Amino acid sequence: MNVHCVFLSVCLSVGVMAGKYSREVNEQKVSNEGKAAVEFRISKLNQVWEKANRMQLAPVRLSELHSDLKIQEKDELQWKKLKAEGLDEAGEREAKLRRNFNIILAKYGMDGKKDNRALDSNTLKDHDAREGDMFDDPRLDKLWNKAKVSGKFSEEELQSLRREFQHHKDKIHEYNIVMDTVSRTEEIHKNVISPMEGEEKQSALHEKHSDLKQRMRNLNQGFERLRRITHEGFSSDNEFKEPRVIELWEMARRSNLSEDELDSLKEELKHFETKVEKHQHYQEQLEYSHQKLQHVEALGDEEHIMRHKEKYNNLAEKAREMGYKMKKHLQDITNKLSQNGLQHNEL
């Protein structure tokens with residue numbers, strides 16, 4: 001009996017040592033309460049998730065991180081299959097995955113570097129920011145203040161415009177993260193071991209610089225759009241309301257898609273915009289639920305605490321699920337656009 005136990009123990013140990021992508025490491029474990037103790041099928045993603053929970057990120061930000069990690073998990077598992085089939089020999093896909101993972105770490109303040117942006121703040125609270133200092137960028141703040149006093153926008157239009165400004169602010173932040181990642185990669189790549197390795201590193205760096213240039217072009221185009229709207233107001237023939245959808249639609253119109261393909265994409269973007277709006281709704285509900293839970297916890301009524309905690313957990317699950325669906329759909333659309341000869345970056 002003891003021999004069998006020792007043999008089983010050795011087998012389990014070997015399975016765990018088999019590698020970070022082994023089935024044993026990636027398999028979900030179950031805690032004593034019967035709940036999933038492991039959120040993701042990849043070890044390093046679980047470590048990030050556990051760290052984020054220890055950091056006590058704001059609920060909406062934690063939900064966003066969960067969606068980003070689910071997308072990263074999907075991409076890494078797809079890459080694992082490709083590698084097993086002998087594809088991605090040059091390691092381009094692997095390098096992109098590593099870069100995306102580093103961007104996630106930086107985006108949520110887990111890369112060990114200080115970030116001037118309040119990473120645990122909730123973008124839903126932007127209306128509480130100090131007057132004239134809402135977007136942490138002088139050009140954006142100046143433009144926003146001009147829009148507010150122009151008298152060209154209704155209250156609803158101002159809310160839509162604020163979302164567009166917030167989206168642009170997030171894109172500036174992501175650009176800075178990518179630029180910092182490229183700078184650090186260049187420092188590492190100075191230690192070239194062989195000419196062949198040097199050529200591969202130069203090729204990888206060229207791709208990253210191309211991505212940076214495209215991001216900068218998108219930022220300039222986005223700012224020009226905000227400047228135009230601020231001066232002229234919203235056009236009456238606007239197809240969409242959500243910033244990400246508007247940006248995708250403008251990208252599509254600059255592409256070489258046919259009229260029929262544009263019509264088809266327009267319908268798809270309407271469905272995507274519905275997902276964006278649902279996601280935003282769940283985020284708002286999650287934030288309100290969290291505030292209620294904090295209030296009830298302060299009162300100390302156990303029955304009320306349990307009831308509100310259950311509601312909060314359900315909303316958190318819905319927000320994560322919708323966040324993943326939305327980001328997956330966004331990824332599918334941008335991939336479709338890139339296949340039609342249009343360069344793009346993650347919006």
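In which loop is the place of Q56? I found Q56 in the loop between α3 (43–55) and α4 (59–84); helices here are DSSP runs of H or I, at least four residues, numbered from the N terminus.

I noted that this is a predicted model, where local features need pLDDT of at least 70, side-chain atom pairs count only at pLDDT 80 or more, and totals for chains, interfaces and linings use all residues. Residues are numbered from 1 along each chain as its sequence is written, and side-chain values use heavy atoms, with hydrogens and water left out.

I looked up phi of Q56 and got a value near 55 degrees, positive in a residue other than glycine. Q56 is exposed, at a relative accessible area of 66% (exposed means over 50%, with a 1.4 Å probe and protein chains only).

I then went to D136, in the loop between α5 (92–107) and α6 (138–149). Its phi is near 55 degrees, again a positive value in a residue other than glycine. D136 is exposed, with a relative accessible area of 53%.

Next I turned to cavities. A cavity is a set of points on a 1 Å grid over the protein atoms alone where a 1.4 Å probe fits but cannot get out; lining residues have an atom within 4 Å of a point. The search of the whole structure gave two cavities of 30 Å³ or more. The largest cavity holds about 180 Å³ of space, a volume being the space filled by probe spheres set on the grid points, which are joined across faces, edges and corners. Of its 15 lining residues, H167, Q221, G222, R225 and E247 are the closest to the centre. I saw that α9 gives the largest share of this lining, six residues.

Key:
Helix = DSSP H or I, 4+ residues; strand = E, 2+ residues; numbered from the N terminus. Buried < 20%, exposed > 50% of the residue type's maximum accessible area, 1.4 Å probe, protein only. 1 Å grid on protein atoms, 1.4 Å probe; cavity = no way out; pocket = protein on both sides within 12 Å on 5 of 7 lines; lining within 4 Å.
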